[in-house]
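This briefing concerns the arrangement of a protein chain and the contact between its parts. Please consult the sequence and the structure below while reading.

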Amino acid sequence: MKYIDTNIIEINSINPDEESVLKGAELIRKGKLVAFPTETVYGLGANGLDVKAIANIFTAKGRPQDNPLILHVYSIDQVEELAIDISKEARELMKEFWPGPLTLLFKKSTKVPNIITAGLDTVAIRMPDHPIALKLIEMSQVPIAAPSANTSGRPSPTMASHVEEDLSGKIDMIIDGGTTGVGLESTVLDITGKQPIILRPGGITLEDLRNIVPTVVEDQGIIHEDIVPRSPGQKYKHYAPKAKLILFTGEVDNMVKAISKKAYIYISQGRNVGIMATDETIGRYKEGISISMGSRKDSRTIAHNLFNTIRILDSKGVDIILCEGMERSGIGTAIMNRLKKASSGNIKKV
Ligand code: TXA
Ligand code: MG
């Protein structure tokens, strides 16, 4: 792959400087790749109507061609052009949760290139809740195709430095707007069938969605190990640290004891051990490099810190990561979905 000079520009997230955003928008219009912050994770953006530019996203990330992309919009008018048969429920969900971390599947219009949807007849669309992202889309005057701005398989980027680590030399610009808020990718909801179904859990929870559309269910494939998920993206190896990650589940006290014991054994074998702990438990680990992801009383903070914690432990050169599991409710569902994938099914119930 040809080396590209990656221009990194800093833009204030709260009140973005329009001239700076325009530089990014001009690149998008020319078919270039621009990474930008959203409220979930950083996205790798390209003109969503330009087939060549979209193909370059797949190349830069090393992403499998059969994994479709999300189109990012700044107005509902854009949705009207990209989707057909927009249901009443879809309109209610957009009204309630947009801009925000909810991606909706629609029947695609002929305007959407097949490379976006990997040949499917549905298109994923979301309106991000981030001033830079919204300005960038508006100024580009096109929907922006954007997967998470990481190398395929790696944890999604929550800071510009993560994007730089993975994609420097492969993309044209990184807009540094600081750390992202939610820290996990958006909830993906398929509302094209009879029963609305969550294909990927995220910042908007099952409970949130049911308040508006009571019939929403979760794809069993995102919960159970032995059921194949429906969303193309869910079948791939994901969020993987360089180290081997073992996920522990069960009572907090049992997890701490089991992790401490495992840490002791691995360290006595000369291995470098990292521990993903919580505020409540970190003081109990005597060995290994332990990092707290946040308090168990505040799962949103744990979600916010999750991917960065994995990247920090990787940068410290650990070969094993022992990670505490969370309760599977609210955003805990999304946290556990990402951790299960990061562990490649290496899960110990204690
Ligand atoms: O928060 C987010 O959603 C971030 C930011 C940048 O917006 N984007 C993101 O994109 O996470 P990506 O490409 O990493 O994940 C998109 C997910 C994949 O799991 C993909 O398979 C699924 O959405 N997806 C996209 N289009 C789909 C479709 N038509 N049917 C089923 N799943 C689809
Ligand atoms: Mg991704």
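The area buried between domain 1 and domain 2 is about 1,900 Å², and carbon and sulfur atoms give 50% of that area. Buried area here is the accessible area (1.4 Å probe) that two parts lose on being put together, summed over both. This is a predicted model, in which local features need pLDDT of at least 70, side-chain atom pairs count only at pLDDT 80 or more, and totals for chains, interfaces and linings use all residues. Residues are numbered from 1 along each chain as its sequence is written, and side-chain values use heavy atoms, with hydrogens and water left out.

**Domains**
- Domain 1 spans 7-233 and domain 2 spans 244-349, with bounds from an automatic or database domain assignment.
- Their contact (heavy atoms within 4.5 Å) takes 27 residues from domain 1 and 20 residues from domain 2.
- The C-alpha centres of the two domains are 28 Å apart.

- Five salt bridges are found across the interface of domain 1 and domain 2; the criterion is a side-chain nitrogen of Lys or Arg within 4 Å of a carboxyl oxygen of Asp or Glu.
- A salt bridge joins the side chains of E165 and R311 (2.8 Å, N to O).
- On the side of domain 1 that touches domain 2, helix 7 (residues 160-167) gives the most, with three residues; helices (H or I, at least four residues) and strands (E, at least two) are DSSP runs, numbered from the N terminus.

**Helix 6**
- Seven of the ten residues of helix 6 (residues 131-140) are buried, meaning under 20% relative accessible area (1.4 Å probe, protein chains only).
- Among these buried residues are I132, L136 and M139.
- Q141, which follows helix 6, has a positive phi near 60°.

Notes
Chains lettered and ligands numbered in written order. Buried < 20%, exposed > 50% of the residue type's maximum accessible area, 1.4 Å probe, protein only.
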